[in-house]
Amino acid sequence: MRADNTAFLLGSARARREAALARAEEALRRLDRDGTSITFAAVANAASVSRSWLYREERLRTEIGRAHV
């Protein structure tokens, strides 16, 4: 019989997502503070996340779109 690691895996995924959100939010603040153009590519690079992940995160997608205008 195999051990059920579902709870551990879900918790780990949640922690990774929260860490990525924190990095992306900090990258947005830093880019804005530095006067750097805020684009999906710039945020992804500064936060060490993928652009596709940023597009899937609605709050970040909205914030980046608003800042990019």
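Modeller: The chain has a secondary structure of 4 helices and 0 strands, where helices (H or I, at least four residues) and strands (E, at least two) are DSSP runs numbered from the N terminus. This is a predicted model, in which local features need pLDDT of at least 70 and side-chain atom pairs count only at pLDDT 80 or more, while totals for chains, interfaces and linings use all residues. Residues are numbered from 1 along each chain as its sequence is written, and side-chain values use heavy atoms, with hydrogens and water left out.

Helix H1 takes in residues 6-34, 29 residues in all, and spans 42 Å from its first C-alpha to its last, close to the expected 42 Å, a figure defined as 1.5 Å times one less than the number of residues. Its buried residues (under 20% relative accessible area, with exposed meaning over 50% and partly exposed in between, for a 1.4 Å probe and protein chains only) are Ala20, Leu21, Ala24, Ala27, Leu28 and Leu31. The cover over these buried residues of H1 includes helix H2 (40-47), helix H3 (51-56) and helix H4 (58-68), counted by contact, that is, heavy atoms within 4.5 Å. Just after H1, Gly35 adopts a positive phi of about 75°.

Further along, in the loop between H2 and H3, lies Ser48, which has a positive phi of about 60° although it is not a glycine. Ser48 counts as exposed because its relative accessibility is 60%.
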